[in-house]
Amino acid sequence: MGEFAGLVHNENIKIYSRVRTWIMLFILAVMSALMPALVYFTSDSDSSLLGLWESFQMAVSIAFFLNTIFTVVVASDSVAGEFSWGTIKLLLIRPWSRSKILLSKYISVILFSLLSLVVLVAFGLGSSYLFSSSAAGLLPETNGWSPAQYAFMDLLCRYVELFLTTALAFMVSSVFRASGLAIGLSMFIMFAKSIFIMIFNPDRFEWARYLLFTHMDLRGYLVSNAGPGDSTLGFSIAVLAIYYVLFLAVTWYVFSKRDVAA
């Protein structure tokens, strides 16, 4: 267990020793804090200011998009970067199994996603607290949620989407050894999933209920008990879980069987 912890530590060093990582975290912190401040300084009066949780949700809706991009970049480079730099052979001759090496890389990516989430919440909530007005209206209770509960459940649903997108990027990076392809495909799904949902509407096509992008955004369940194609929350989670297991299974199989002698 101690050796595996050391392996995870080594992967974290690879991530945080790069200037790019700290630049991404800095940009995320600035963008999380910037939106509430901009609203505060551009508002004409206190009555036009946003409430605490309104301000926080606005900051999250903007900054979380960057958070997903940055996490995808780290995930895409985790495996493909070893092949690009030519260090994969040095890594595989170490006394660790390929499964442990791959798992340590994936865990380090997840830890980065959690760190970036903490940065987003800390700066977004802190800035919202400083630059919001208590006189402004709070988010109304939605489907029984209080404003604070709704804001954090919305954040959780966004993280689930990030989690699946990261797994997809990690798989593409491992299978094709191309970080650019992994980033591009992940970004394409982020931008185009709404278009695909409109074209392949699960209300019209029964089979569309089993597509990944149909269930990636779980925020609809915060205001309604029925999802796309009258799906339930349990069904959506089950579909996402199946795709998640499939992504990791393909990643593990390809990485375990790949010949890197050439």
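Reply: First a term: a polar contact is a pair of N or O atoms within 3.5 Å; within protein, one must be able to donate a hydrogen and the other to accept it, and residues adjacent in sequence count only if both atoms are side-chain atoms.
Me: What does the side chain of Ser116 reach?
Reply: The backbone oxygen of Ser113, at 2.8 Å.
Me: How are things set up here?
Reply: This is a predicted model, where local features need pLDDT of at least 70, side-chain atom pairs count only at pLDDT 80 or more, and totals for chains, interfaces and linings use all residues. Residues are numbered from 1 along each chain as its sequence is written, and side-chain values use heavy atoms, with hydrogens and water left out.
Me: Is Ser116 buried or exposed?
Reply: Ser116 is buried, because its relative accessibility is 1%. Buried means under 20% relative accessible area, exposed over 50%, and partly exposed in between (1.4 Å probe, protein chains only).
Me: Which residues is Ser116 in contact with, leaving aside neighbours within four places in sequence?
Reply: Leu25, Leu28, Asn67 and Thr71. Contact means heavy atoms within 4.5 Å.
Me: And where is the place of Ser116?
Reply: In helix α5, residues 98-131. Helices are DSSP runs (H or I, at least four residues), numbered from the N terminus.
Me: New topic. Where does His9 lie?
Reply: His9 lies in helix α1, residues 2-16. His9 is partly exposed, at 48% relative accessible area. The C-alpha atoms of His9 and Ser104 are 8.4 Å apart, with the two residues 95 apart along the chain.
Me: What about Val30?
Reply: Val30 is in helix α2, residues 19-42. Val30 counts as partly exposed because its relative accessible area is 36%.

How values were computed: Helix = DSSP H or I, 4+ residues; strand = E, 2+ residues; numbered from the N terminus.
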